[in-house]
Amino acid sequence: MNQGILKEEKSPLLNWRKTSLLGKIIGIVSPWESGSYLLSYSDVIATVLICLVIIAAPFTNNTLVGIILMASSGFWALLTLAEVKQNQITPIHLWIFAYWLISVVATAFSPLKMEALSGLFKFTLYLLFFALASRIFRHPKLLSWVTGVYLLVSIIVSAYGVRQQFIGVKPLATWTDPTSPLADTTRVYSYLGNPNLLGSYLIPAVAFSVVGLIIWQTIPLKVFAGFSLIMHSACIYFTGSRGAWLALIATGVVFLLAFKFWWGEYLTPFWRKWLIPIVIGSFILLVLMGALISEPLRLRITSLFSWRGDSSNNFRINVWTSGLKMLADYPLTGIGLGNQVFNKIYPTYMQTKFTALSTYCVLLEIAIESGLIGLIAFLGIVTSTFQRGIQVIKNLKPENNLLAMWVIGALGAIAGLATQGLFDTVWYRPQVNTLWWLCIAVVASFPLQLSKE
């Protein structure tokens, strides 16, 4: 098989594109494309734009990231009108388009339409970023380059976070229960300004570091991937973010299950049966030993089960309660997208002294913003992504190539980010949201049936 580019699969939507008005707009300026010097380097330009987003996200303000996202969206629109390469449409794309349409309806019915329109605009930029990435990730080399840039940038972020652990750093907010013995514990945040955000940002880096260890062939790249894995894992631990720790576990479990599904028939009967129990058992034993040796780790873990006994837990529970009341009043179309809408409506429902900028739960936030219908569409995106990922892993057998590892890494990262999203909403920050849609794009870029070339 030619590993230079993954061949697109036949789509039943091709007939629709040939007959519908919207479909006819696609490729309307295609005659210009053949003589265009700019579009002859379309894949390179798209890759550079995606890398610029990755490079800028942890170090600059959101405005600059937004400008680069707008440039990426404009370039995607240009490629679509010129139809440089036929865009592969998958069930993931259809669910995302449905989610966007529902968000448009939510904006139209929002009690604060201008603020919701701003949120819809930002959301659209992320989706067009996904569309551009899913185009170029059909080239495994470009996918490898983008991943390498992300790992290099994230190593810089992790290195600064590890440095903060050793030199000490003052918290920028009350991130730990002030009545807890851990009140003065250092929680690193690197350039991102928030330990929970930092932990979430590094979750995909851990997954793709493991992918790099397996798929990259040269010794220097394997050393780079191994160093990346150690730095990111250490930095996530130093964040003290319980959500990030749970996310790391979810990433590891899904990665392991997907890898066993892909490689299972090549394992001996013993390892086929005992690989997962041995790995999970060893991890549990390691955590228990760490908890016995380290009091801070033990206290942080036990705080997960203290319910309202921990101030952070208690705060989230109260915000969730208020969020459910909001959802009860706007169950179908929600209040509209964006933090501006939430910040103006939430005070009506909040409990005294429990102000919040979000619901601290992505699923609840989505339901409040776009209604239960929007939540169903979002779950449809996640479900279709895992369904397609499993199908791709099944078709890409190890004896052919190692490309399936990209999908395995992406599924692990998606599982991790979704897990942390159950208890936090850092998912909405550009540093994390761009990575979420990049991981979705990795899965969407792989066709179910590959060329035999």
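Lys 344 and Glu 115 pair up through their side chains in a salt bridge, 2.7 Å from N to O (a Lys or Arg side-chain nitrogen within 4 Å of an Asp or Glu carboxyl oxygen). Keep in mind that this is a predicted model, where local features need pLDDT of at least 70, side-chain atom pairs count only at pLDDT 80 or more, and totals for chains, interfaces and linings use all residues. Residues are numbered from 1 along each chain as its sequence is written, and side-chain values use heavy atoms, leaving out hydrogens and water.

**Salt bridges**

- The structure has 2 salt bridges.
- Lys 344 sits in helix α15 (residues 339-345) and Glu 115 in helix α7 (residues 113-136), so this pair ties together parts 229 residues apart in sequence (helices are DSSP runs of H or I, at least four residues, numbered from the N terminus).
- Lys 344 is exposed at 51% relative accessibility, while Glu 115 is buried at 15% (buried is under 20% relative accessible area, exposed over 50%, partly exposed in between, with a 1.4 Å probe and protein chains only).
- Arg 316 bridges to Asp 424, with the closest N and O atoms 3.5 Å apart.
- That pair links Arg 316 in helix α14 (residues 311-329) to Asp 424 in the loop between α17 (404-421) and α18 (430-445), 108 residues apart.
- Arg 316 is buried at 12% relative accessible area, and Asp 424 is buried at 8% relative accessibility.

**Helix contact**

- Trp 320 and Leu 324 are among the α14 residues that meet α16 residues including Leu 364 and Ile 368 (contact means heavy atoms within 4.5 Å).

Notes. Helix = DSSP H or I, 4+ residues; strand = E, 2+ residues; numbered from the N terminus.
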